[in-house]
Amino acid sequence: MNAVLSDSISISKSVGNELLSRVKVGMTYEEVIDMLKYEGIDVGCGTIIQQYESSEGALYTFEYLSVDGSFVVSNILIGG
């Protein structure tokens with residue numbers, strides 16, 4: 001199943017819900033990518049916001065902030 005983000009963008013690679021649920025606020029961008037083995041879909045404008053579709057169909061959105069020269073997860077949204 002593909003989650004449609006707009007008329008022209010969809011998520012074509014799903015990641016296991018169990019793996020996505022391991023992402024925590026404070027993790028760095030690099031830690032998230034290393035763990036998920038996928039960068040997700042960049043939906044941010046001027047900031048890093050990545051979206052992933054879980055293998056169960058849930059949409060996960062991770063928002064990042066720049067902290068001490070690194071990007072860290074600042075917010076996690078699950079669902080539409």
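This is a predicted model: local features need pLDDT of at least 70, side-chain atom pairs count only at pLDDT 80 or more; totals for chains, interfaces and linings use all residues.
## Overall layout

The protein chain holds 2 helices and 7 strands. Along the sequence they follow the pattern β-β-β-α-α-β-β-β-β.

The protein chain has 80 residues, and 35% of them count as buried. Among contacts in the protein chain with a separation of 6 or more, 44% come from residues 24 or more positions apart.

## Strand β5, inside the structure

Strand β5 covers residues 49-54. Here 6 of the 6 residues are buried, so β5 is largely enclosed by the rest of the structure. Buried means under 20% relative accessible area.

In a regular strand the side chains alternate between the two faces of the sheet. In β5, I49, Q51 and E53 point one way. Q50, Y52 and S54 point the other way. All of these residues are buried.

## Partners of β5

Strand β3 (residues 14-15) runs parallel to β5, and 2 bridges join them. V15 stands opposite S54 of β5.

Strand β4 (residues 41-42) runs antiparallel to β5, again with 2 bridges. I41 has Q51 as its bridge partner in β5. Strand β6 (residues 59-67) also pairs with β5 in the antiparallel sense, over 5 bridges. In that pairing, I49 stands opposite E63 of β6.

## Two hairpins

β4 and β5 form a hairpin with 6 residues between the strands. Within this hairpin, G46 takes a positive phi near 90°.

β5 and β6 form a hairpin as well, with 4 residues between them. G57 lies in the turn and has a positive phi of about 95°.

## Helix α2 and its buried face

Helix α2 spans residues 29-36. Its buried residues are Y29, V32, I33 and L36. Seen down the axis of α2, these residues fall within an arc of 95°, so they line one face of the helix.

What do the buried residues of α2 pack against? Their neighbors in contact are β3, α1 (17-20), β5, β6 and β7 (70-78).

How values were computed. Residues are numbered from 1 along each chain as its sequence is written. Side-chain values use heavy atoms; hydrogens and water are left out. Buried means under 20% relative accessible area, exposed over 50%, partly exposed in between (1.4 Å probe, protein chains only). Contact means heavy atoms within 4.5 Å. Two strands pair if DSSP finds at least two bridges between them. The arc is that of the directions from the helix axis to the C-beta atoms.
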